[in-house]
Amino acid sequence: MDFVKNYFKYIETYEILLFLFIFLLFIFGSAVFIDIKSNSKLINYAYSFQNELISKFKNKIESNFIEFQRKAANIIDLIEDNGTVDNDGIQIFKNKKLILDNSDVYINDIYSFLSGINDLYLIRIIREVPYIIYVYKKDNYLVIKYQKVKKIVDEVVPNNFYFALIKDDKTYFLSDSLYGLKFLNKKYYTVSYENLNYIVSSDILYDNIRVFILSNKTDYFRILNELKKISFINVLIGIIFITMLILIRYYIGKFYYEREKFEHLFEFEHEKFESIVEAIGEGVVLVDKNYNILWANNFIKNLVNLSDGEKCFLSICGNEDICENCNLKDVVKDKKVKTRRYKDFIKGKTGHYDVILSPLLNSQGEVVAVVELIRDLTDLVNLQIQVQESENYLRNILENIPDAIITFDANYKILTANIQAQKLFFSKKLEDDDIRKFINDNQLFELLKDNRFVEHYDTYIQKNDKSIPVRISALEIINESDKHSLMIIRDMSKIRALEAQLIEREKLSALGLLAGGVAHEINNPLVGILNFAQLLDKRLPEGSYEKKLVKTIIDASKDTKNIVSNLLLFARHKEGEYSNFDIKESIDFALKILGSSLKKKNINVNVEISCDSIIYGNRGKVHQVIINILSNAIDALNIGGNIDIKFEYIEGKKVLTVRDNGIGISSDVKSKIFDPFFTTKEVGKGTGLGLAIVKSIVEEHGWNIAVKSEENFYTEFKIIIS
């Protein structure tokens with residue numbers, strides 16, 4: 001009884017009545033909540049279960065299709081091997097002709113029926129019956145399988161569920177029918193029909209065909225008829241709830257009662273440690289005016305061994321005298337908080353610390369002690385250093401990246417630009433300039449405004465009256481509340497040059513294949529013509545008219561054979577052997593071959609060899625290179641011209657130079673001189689293959705060729721031998 005009296009001593013009468021009212025309200029609310037919650041849960045379960053049936057129905061169609069694909073491939077292989085096919089429901093067409101029909105479905109023109117259908121399976125209504133039509137195409141075969149939708153429904157959907165398809169506003173029932181029920185175009189809903197409630201779930205099955213599954217609501221909610229509105233569990237929970245409220249109220253009352261008893265015991269301690277409690281979690285030391293330690297928390301005691309009465313600078317810092325820049329005297333004098341950052345402040349520890357000194361005042365406002373708060377900032381400072389190093393690292397990457405990187409604001413004012421951007425736009429300071437001043441392409445900025453991201457946009461920028469191709473990627477970024485954009489600009493000049501070289505190589509390769517094919521086709525009849533003409537030449541008498549005609553045929557055939565040889569050489573059909581030989585042999589050979597042409601024009605040839613003349617290559621092809629270059633030089637010279645041939649070391653490489661003082665090459669022709677069949681000579685005096693063959697042979701050897709020319713002054717070819 002004493003316990004009960006003490007118990008209710010802290011609870012008022014109105015509070016007891018309030019608890020009883022809450023208890024009754026809780027019981028009533030629980031009953032209503034359980035009823036509504038159960039009803040809602042079961043409805044959601046019905047929707048979920050019916051939706052799962054629809055998914056199973058779809059998955060069954062997919063699995064049947066995969067199985068059909070495998071069987072159809074085997075059937076075609078069986079037909080190809082003249083085997084026997086006995087699959088039910090299969091039609092097989094070959095070259096649009098029906099070669100096998102094991103189905104009970106006949107369609108006059110199956111190809112018109114399937115026209116415009118790209119799917120490999122589809123749903124069609126045939127004679128008011130829904131069918132799934134599986135299609136498999138391979139080469140000239142077409143395999144079709146017909147399967148009634150009802151068959152799959154019977155496998156997947158339980159007997160107590162209704163199943164229907166709607167196509168073009170027409171309903172097809174595949175189970176027990178509810179012919180008068182009108183379906184809605186909704187995913188989930190409930191509907192009443194003939195005094196019964198139904199739960200309906202639907203989904204799009206294929207194209208414009210919608211599938212519906214529904215069931216009688218009473219099948220799901222029969223359990224609700226047995227649900228008791230208020231059970232013993234509800235009452236028990238209510239009693240526990242009220243008991244908890246009473247206990248909480250009791251202990252709150254007891255707390256206030258006990259507080260009055262002990263409040264005066266904590267008054268002095270509260271004033272003493274008020275500042276310490278505010279700074280708890282860091283190192284806290286209470287120091288008097290003479291630097292003596294009065295008290296320290298466990299944070300400091302765990303770092304150093306402290307005893308009350310020791311000097312703070314000796315015990316904490318390990319110094320024999322007052323710490324440099326110590327603010328304690330200033331705090332006592334000014335009665336203000338002072339803060340200073342130290343490195344390696346705690347003895348035996350490395351790190352960074354903030355030391356905050358706060359005055360502790362008595363009731364008269366005098367400083368009786370100083371609270372020293374020691375905050376370990378080592379991790380924070382190290383993190384700042386790492387962030388700074390990371391920023392420097394990223395800055396170095398951005399500054400040395402080969403692409404230009406620029407950021408600009410919504411007004412197109414440049415905010416940052418790396419070194420490559422300064423080089424590209426030939427400006428040491430791009431900040432605060434308008435980006436559109438350097439990239440004059442309104443379409444680019446419209447795309448960025450609409451899409452917020454532009455990738456691989458090709459355009460041109462002007463630099464020193466020269467158009468430079470560039471590729472730009474740009475991204476809009478949000479910097480706090482401001483909208484900025486990042487742009488990466490790549491100079492595509494070298495890439496475009498490499499693309500041009502690649503196109504040139506591909507063109508030469510194609511022309512080489514063409515030349516080789518033409519040469520072989522011409523060479524076969526040409527050999528016969530030349531052989532028969534030489535036989536006739538031996539049999540005809542000297543001086544006869546017929547013998548002169550035959551000699552003309554022989555000369556023409558030999559000239560044609562030389563052209564064929566050049567074509568074959570251009571097509572690289574004559575590989576030959578590689579060996580070490582003296583390039584002087586090739587020069588001498590070319591001068592002998594072209595000796596008559598040199599004498600005819602009275603051309604002076606000067607040969608100068610100033611280094612080791614042994615090279616590694618194909619002797620015959622190198623002969624051909626020098627002959628073709630000298631031949632072009634002779635054609636470019638007037639009577640009495642000069643040709644200088646040099647073989648020397650230049651920058652550690654052997655270089656063959658052929659220079660003439662002829663008519664030179666015009667700038668518009670210079671880029672085409674190595675193209676096959678390009679010539680500036682008169683018709684019948686050149687094939688246009690000479691320099692193309694030269695370039696082909698030089699590149700085959702892994703060498704390089706360069707040409708310099710000034711119209712009406714000179715032409716110089718250099719072959720750089722690796």
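This is a predicted model: local features need pLDDT of at least 70, side-chain atom pairs count only at pLDDT 80 or more; totals for chains, interfaces and linings use all residues.
Modeller: Residues are numbered from 1 along each chain as its sequence is written, and side-chain values use heavy atoms, with hydrogens and water left out.

Colleague: Is Thr715 buried or exposed?

Modeller: Thr715 belongs to strand β27 (residues 714–721), where strands are DSSP runs of E with at least two residues and helices are runs of H or I with at least four, numbered from the N terminus. Buried means under 20% relative accessible area, exposed over 50%, and partly exposed in between (1.4 Å probe, protein chains only). Because its relative accessibility is 4%, Thr715 counts as buried.

Colleague: Which residue's side chain makes a polar contact with the side chain of Thr715?

Modeller: A polar contact is a pair of N or O atoms within 3.5 Å; within protein, one must be able to donate a hydrogen and the other to accept it, and residues adjacent in sequence count only if both atoms are side-chain atoms. At 3.1 Å, the partner of Thr715 is Ser709.

Colleague: What is the phi of Asn195?

Modeller: Asn195 sits in the loop between β8 (188–193) and β9 (196–206). With 83% relative accessibility, Asn195 counts as exposed. Although Asn195 is not a glycine, its phi is positive, at about 65°.

Colleague: What relative accessible area does Arg452 have?

Modeller: Arg452 is placed in the loop between α13 (442–451) and β18 (453–463), and its phi is positive, near 65°, in a residue other than glycine. Arg452 is partly exposed, its relative accessible area being 42%.
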